[in-house]
Amino acid sequence: GKIGVLVEINCETDFVAKNDEFLTFVTNVAKVVAEKNPADVDALKAETMDGTTVDEALTALIAKIGENMKIRRFARFDGNVCSYSHGEGRIGVIVKTEAALDADAYDAARDVAMQIAAINPMYLSKETVPAEDVEHEKHIILAQIKEDPKNANKPENILEKMVAGKINKFYEQNCLLQQEFVKDSDYSVEKYLESRGAKLVDFVRFEKGEG
């Protein structure tokens, strides 16, 4: 619960993805990331693992199995963490909390990690949304409002209030802490975590092949 690592390593077929040697390699690479904290993929590939570099081990595995593979990306969190993996590793999530988690808070954090896997929020909270993203969204919302004939004669201050209301809806849909908690709609994610003694400060979500 103190270091969390996600690593995406791609191969060409499901057959290799379930191969024990491939899975062992993935696990060992994750351990290297946890222990040595490389800066990026190139630095990771230069690290040593079982007497050879990660890159050399990858090359040897490609030659042995006969299928191309690639270390695509990784993320590493230091602190109080909880993880969730979905669909045989198709989606991976790590959440980081402000303080150490007792059993109840850990279960709550894992519930939220499952929600992240399912809903894929864009931001942690409304405070973390970049200003340019907010302005872009406001521009789109205002254009949509003005397209409605019912709003043709409404003054600008009324239109601004309408935009503000819709921006709040944008936050509720795209910001994790402002989202409705899927297991109990009486709570936002933030309020649910508070009720269980947890405070989320960061998260990362990988889905195989995205981007």
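So, aromatic pairs: there are four of them here, counting rings of Phe, Tyr and Trp (its six-membered ring) whose centres lie within 6.5 Å. Planes under 30 degrees apart are called stacked, over 60 edge-to-face, and the rest tilted. Keep in mind that this is a predicted model, where local features need pLDDT of at least 70 and side-chain atom pairs count only at pLDDT 80 or more, while totals for chains, interfaces and linings use all residues. Residues are numbered from 1 along each chain as its sequence is written, and side-chain values use heavy atoms, with hydrogens and water left out.

Okay, one of those pairs is Phe170 with Tyr171: the centres are 6.1 Å apart and the planes sit at 55°, which makes it tilted. Are these two buried or exposed? Phe170 is buried at 8% relative accessibility, and Tyr171 is buried too, at 13%. Buried here means under 20% relative accessible area, exposed means over 50%, and partly exposed is in between (1.4 Å probe, protein chains only). Ring pairs also bring in Tyr123, giving a cluster of Tyr123, Phe170 and Tyr171.

Now take Tyr187 and Tyr192. Their ring centres are 6.3 Å apart with the planes at 75°, so that pair is edge-to-face. Tyr192 is buried at 7%, whereas Tyr187 is partly exposed at 31%.

And what sits over the ring of Phe206? That's the charged end of Arg73, 4.0 Å from the ring centre. The rule there is NZ of Lys or CZ of Arg within 6 Å of the ring centre and within 35 degrees of the ring normal.
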